Structure formats: structure tokens, C-alpha cells
Amino acid sequence: MKIFKSALSYRGQRCDVTYFPTKTFDDIPDNLIIKIHAVCFWNKKLLLVKHSEWNIFGIPGGTREKEEKII
């Protein structure tokens, strides 16, 4: 099952989001993996990171580099 959603980013840009319920990246076409984020919990606490340029907090993650491989 794939769930697709079109949303607006905080900058007002349209983002297409597809959710794949999977235990590995093997089921997801490589060209669709552009960004990745992680929801991390430790000792019943949620990990957030602060983006210094925009002075906002969010979950850890980022954009995949052009030649970066998924292993």
C-alpha cells in the first residue's frame, strides 16, 4: 500500500509525499528517495534538531546528495 499526499512546505513550495510501509529500502525505487528524515526517541523523549539558518526546530534529516547511494 502506498499513500500519496501533495502538501505545501514551510516556504510555500508544493511537495509530493509518498509513504511506503516497508522494513527495508529495497521495495522503494531508488530515484524516489530524495529526502529522508527520522523520528528518534530516547528515554521517552523526542529528538529535535535546531536549524541555525532558519531558527526552527525539526526532526533530523536532509536531502540526498546527487551521487549518494542507499545501502
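N43 is exposed in this predicted model, because its relative accessible area is 56%, and any value over 50% falls in that class. The residue lies in the loop between β4 and β5, and although N43 is not a glycine, it has a positive phi of about 55°.

- K44 counts as exposed because its relative accessibility is 87%, a value over the 50% that the class requires.

**A nonpolar patch on the surface**

- Six residues, namely V39, F41, L46, L48, F57 and I59, form a nonpolar patch on the surface, and together they have about 620 Å² of accessible area.
- F41, one of the residues in this patch, is found in strand β4, which covers residues 41-42.
- F41 counts as exposed because its relative accessibility is 61%.

**The salt bridge between D30 and R64**

- When the whole structure is searched, one salt bridge is found, and in the pairing of D30 with R64 the side chains meet at 3.0 Å, taken from N to O.
- D30 lies in the loop between β2 (14-19) and β3 (35-37), while R64 lies in the segment after β8 (61-63), so the pair ties together parts that are 34 residues apart in sequence.
- Side chains of opposite charge can pair when their charged atoms come close.
- The two partners fall into separate accessibility classes, because D30 is partly exposed with a relative accessible area of 45%, whereas R64 counts as buried at 19% relative accessibility.
- The value for R64 counts as buried because the class takes in relative accessible areas under 20%, and R64 has 19%.

**What surrounds R64**

- Besides its salt bridge with D30, the side chain of R64 reaches the backbone oxygen of E68 at 2.8 Å.
- A polar atom of the R64 side chain also lies 3.0 Å from the backbone oxygen of I33.
- If neighbours within four places in sequence are left aside, R64 is in contact with D30, I33, I34, K35, K69 and I70.

**E53 and its loop**

- E53 lies in the loop between β6 (49-51) and β7 (56-58), and it counts as exposed because its relative accessibility is 63%.
- From C-alpha to C-alpha, E53 and D16 are 24 Å apart in space, and in sequence they are 37 residues apart.

**Confidence in the prediction**

- The mean pLDDT of the protein is 81, and 90% of its residues reach 70 or more.
- Among the elements of the protein, strand β5 (residues 45-46) has the highest mean pLDDT, at 94, whereas strand β1 (residues 3-8) has the lowest, at 68.

Conventions: Residues numbered from 1 in each chain as written. Predicted model: local features only at pLDDT ≥ 70, side-chain atom pairs only at ≥ 80, totals over all residues. Heavy atoms only, no water. Patch = residues over 30% accessible without salt bridge, like charges linked within 9 Å, V, L, I, M, F, W, Y side chains within 5 Å. Areas by Shrake-Rupley, 256 points an atom, 1.4 Å probe, with all protein chains shown as cover. Salt bridge = Lys/Arg side-chain N within 4 Å of Asp/Glu carboxyl O. Helix = DSSP H or I, 4+ residues; strand = E, 2+ residues; numbered from the N terminus. Buried < 20%, exposed > 50% of the residue type's maximum accessible area, 1.4 Å probe, protein only. pLDDT = per-residue confidence, 0-100. Polar contact = N/O pair within 3.5 Å; in protein donor to acceptor, adjacent residues only side chain to side chain. Contact = heavy atoms within 4.5 Å.
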